[in-house]
Amino acid sequence: MAADGLTAVFLARRAMLLRLFTARLGSLEEAEDLLQEMWLKIDGLSDYPVAEPAAFLFRVAANLATDRRIAATKRAARDTAWSELGPAADDVPNAERILIAKDEWRVVEAALNKMPERMATALRLSRIEGKPQRAIAEELGISVSGVEKLLQRAYRKIYDQFGQSDEDLASLHRLDDEGSTDRAR
C-alpha cells in the first residue's frame, strides 16, 4: 500500500490512536505529543509498502507507548535517586555562608601562621588530613601526650584569634579527645 494509504488510515484512526495513548500514558497532553511523534515516524515511511496499515499503526502505537512508559519510569527512578542522594537545600552553601566561611578560614590561617611550625603541622595533620594522634606522634617524633599538648595550644591560639570563651575551647577539646580515641583505634 502506498504512503497515502498509511496516512489515510492514520487520519481515519487518529481518534482511536489518541484514546489508546491516553489510556496507556494517563495524560491527554502526553498522548497528543506521542501522536505527533507517531505522525512524524509514519511520514518517513512513504517509500515502504505496508500490507496491513491499521495493524501496523496500532503496533507502532503500542511500541511507542511502551517506550514512553519505560522512559518515564527510568526518569522517575533517576530523579528519586538524585533527590535522595543530592544535597538538601540547607546543605548547599549560599553566598553569605561562603563569605562567612572564607572570613573564618582567614582567621584560622592567620592563627596557623603565628604558631610554631611543629604546632601548626600537628594541627594540619589532625584536622585537615584526619590523621590519628598516634600517627602524628610518630611523624613528629614525639609522644602522643606531646601531640595532645600541641593541639591544645593550637586550639587556644585559634580561639584567641576568634576571641572565643574558655567554655567553647573546653567543648572543642572534649570533641577532639573523643575523635582522637576513635581515630587511634
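**Exercise 1. Is Val144 buried, partly exposed or exposed, and what is its relative accessible area?**

*Solution.* Start with the source. This is a predicted model, in which local features need pLDDT of at least 70, side-chain atom pairs count only at pLDDT 80 or more, and totals for chains, interfaces and linings use all residues. Residues are numbered from 1 along each chain as its sequence is written, and side-chain values use heavy atoms, with hydrogens and water left out.

Step 1. Recall the cut-offs: buried means under 20% relative accessible area, exposed means over 50%, and partly exposed lies in between (1.4 Å probe, protein chains only).

Step 2. Apply them. Val144 has a relative accessible area of 31%, so Val144 is partly exposed.

Step 3. Val144 sits in helix α8. Helices (H or I, at least four residues) and strands (E, at least two) are DSSP runs, numbered from the N terminus.

Step 4. List its partners. Contact means heavy atoms within 4.5 Å. Setting aside residues up to four places away in sequence, Val144 touches Gln133, Arg134 and Ala137. Val144 and Arg134 are ten residues apart along the chain, and their C-alpha atoms are separated by 5.6 Å.

**Exercise 2. Describe the protein chain as a whole, and say how confident the predictor is.**

*Solution.* Step 1. Count the elements. The protein chain has nine helices and zero strands. From the N terminus, the order reads α-α-α-α-α-α-α-α-α.

Step 1. Check burial. Of the 185 residues in the protein chain, 29% are buried.

Step 2. Check the range of contacts. Take contacts between residues at least 6 apart in sequence: 59% of them join residues at least 24 apart.

Step 3. Read the confidence. pLDDT is the predictor's confidence in each residue, from 0 to 100. The protein chain averages a pLDDT of 82, and 81% of the residues score at least 70. Over residues 179-185, the pLDDT is below 50. Beyond near neighbours in sequence, that stretch has eight contacts in the model. Where pLDDT is low, the predicted coordinates should not be read in detail.

**Exercise 3. Classify how α7 and α6 each pack against α8.**

*Solution.* Step 1. Get the rules. Axes are lines fitted to C-alpha atoms, for helices over the stretch in contact, and angles run from 0 to 180 degrees between N-to-C directions. Angles under 35 degrees count as roughly parallel, over 145 as roughly antiparallel, 65 to 115 as roughly perpendicular and the rest as oblique.

Step 1. Take α7 (residues 133-140). Its axis is 8 Å from that of α8, at an angle of about 100 degrees. That makes α7 roughly perpendicular to α8. Gln133, Arg134, Ile136, Ala137 and Leu140 in α7 meet residues of α8 including Val144 and Val147.

Step 2. Take α6 (residues 117-128). The axes of α6 and α8 are 9 Å apart, at about 95 degrees. Therefore α6 and α8 are roughly perpendicular to each other.

Step 3. Look at one residue of α6. Arg118 is found in helix α6. Arg118 is partly exposed, with a relative accessible area of 41%. Leaving aside neighbours within four places in sequence, Arg118 is in contact with Leu140, Ile142 and Leu150. Arg118 and Val147 are 29 residues apart in sequence and 9.5 Å apart in space, C-alpha to C-alpha.

**Exercise 4. Classify the crossing of α5 and α8.**

*Solution.* Step 1. Find the geometry. The axes of α5 (residues 95-114) and α8 (residues 144-162) come within 9 Å and cross at roughly 130 degrees.

Step 1. Classify. α5 and α8 are therefore oblique to each other.

Step 2. Name the residues. Glu104, Val107, Val108, Ala110, Ala111 and Lys114 in α5 meet Lys157, Ile158, Gln161 and Phe162 in α8.
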